[in-house]
Amino acid sequence: MDGDSLRLACDGETIEVRLYCIDAPERQQRPWGGLARVNLRRIATPRLEIQAVEIDRFGRTVARVYAPGPPRRMLNLEQVRGGYAAVYNRYCSEDDFLRAEREARRDARGIWSTPGLQQTPWEFRHRR
């Protein structure tokens, strides 16, 4: 769907999954939103494992999403590592995510290569 959510077929039904702990730029935040979406599609394998955390107010499953291995990779964390998403601090304080964002910032990857609202998608959504 975008850089931090997927539509998945699961047991014969379609579910919307929001990637836990992250917030990717919105589609309108060009080119960042499109780049985040393309990368998520690139790293998502045909079969994924989800570890549900909760159901959000929009009825989406908020989850850790894994591409089975080897090596088994968490897509949420991959999006942050690559600079395609920021850690959504309001909902996440996990060390692995915070460390991955610090490294992406330090190396000026993706959204961290140029200052702007793409670094804080939650602020962009409230300014529209």
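**Figure 1. Salt bridge between Asp 23 and Arg 18 in the predicted model.** The side chains of Asp 23 and Arg 18 meet in a salt bridge, 3.4 Å from N to O; a salt bridge is a side-chain nitrogen of Lys or Arg within 4 Å of a carboxyl oxygen of Asp or Glu. Both Asp 23 and Arg 18 are buried, where buried means under 20% relative accessible area, exposed over 50%, and partly exposed in between (1.4 Å probe, protein chains only). The model is predicted, so local features need pLDDT of at least 70 and side-chain atom pairs count only at pLDDT 80 or more, while totals for chains, interfaces and linings use all residues. Residues are numbered from 1 along each chain as its sequence is written, and side-chain values use heavy atoms, with hydrogens and water left out.

**Figure 2. Salt bridges of Arg 125 with Asp 23 and Glu 26.** In the bridge between Asp 23 and Arg 125, the closest N and O atoms are 2.8 Å apart. This pair links distant parts of the chain, 102 residues apart: Asp 23 belongs to strand S3 (residues 22–23) and Arg 125 to helix H4. Helices (H or I, at least four residues) and strands (E, at least two) are DSSP runs, numbered from the N terminus. Asp 23 counts as buried because its relative accessibility is 0%, whereas Arg 125, at 26%, is partly exposed. Glu 26 also forms a salt bridge with Arg 125, with 2.7 Å between the closest N and O atoms. Glu 26 lies in the loop between S3 and helix H1 (32–43) and Arg 125 in helix H4, so this pair ties together parts that are 99 residues apart in sequence. With a relative accessible area of 17%, Glu 26 is buried. Salt bridges that share partners join Asp 4, Arg 18, Asp 23, Glu 26 and Arg 125 into one network. The count of salt bridges by this rule comes to 13.

**Figure 3. Aromatic cluster of Tyr 88, Tyr 91 and Trp 122.** Rings of Phe, Tyr and Trp (its six-membered ring) pair if their centres lie within 6.5 Å; planes under 30 degrees apart count as stacked, over 60 as edge-to-face and the rest as tilted. By this rule there are two aromatic pairs. The ring centres of Tyr 88 and Tyr 91 are 4.9 Å apart and the planes stand at 80°, so this pair is edge-to-face. Tyr 88 and Trp 122 form a stacked pair, 5.3 Å centre to centre with 10° between the planes. Tyr 88 and Trp 122 are buried, while Tyr 91 is partly exposed at 45% relative accessibility.

**Figure 4. Arg 72 over the ring of Tyr 66.** The charged end of Arg 72 sits 3.8 Å from the centre of the Tyr 66 ring. A charge sits over a ring if NZ of Lys or CZ of Arg is within 6 Å of the ring centre and within 35 degrees of the ring normal.

**Figure 5. Hairpin of strands S1 and S2.** S1 (residues 5–10) and S2 (residues 13–19) pair in the antiparallel sense over six bridges; two strands pair if DSSP finds at least two bridges between them. Leu 8 has Ile 15 in S2 as its bridge partner. Two residues lie between the strands, and Asp 11 takes a positive phi near 50°.
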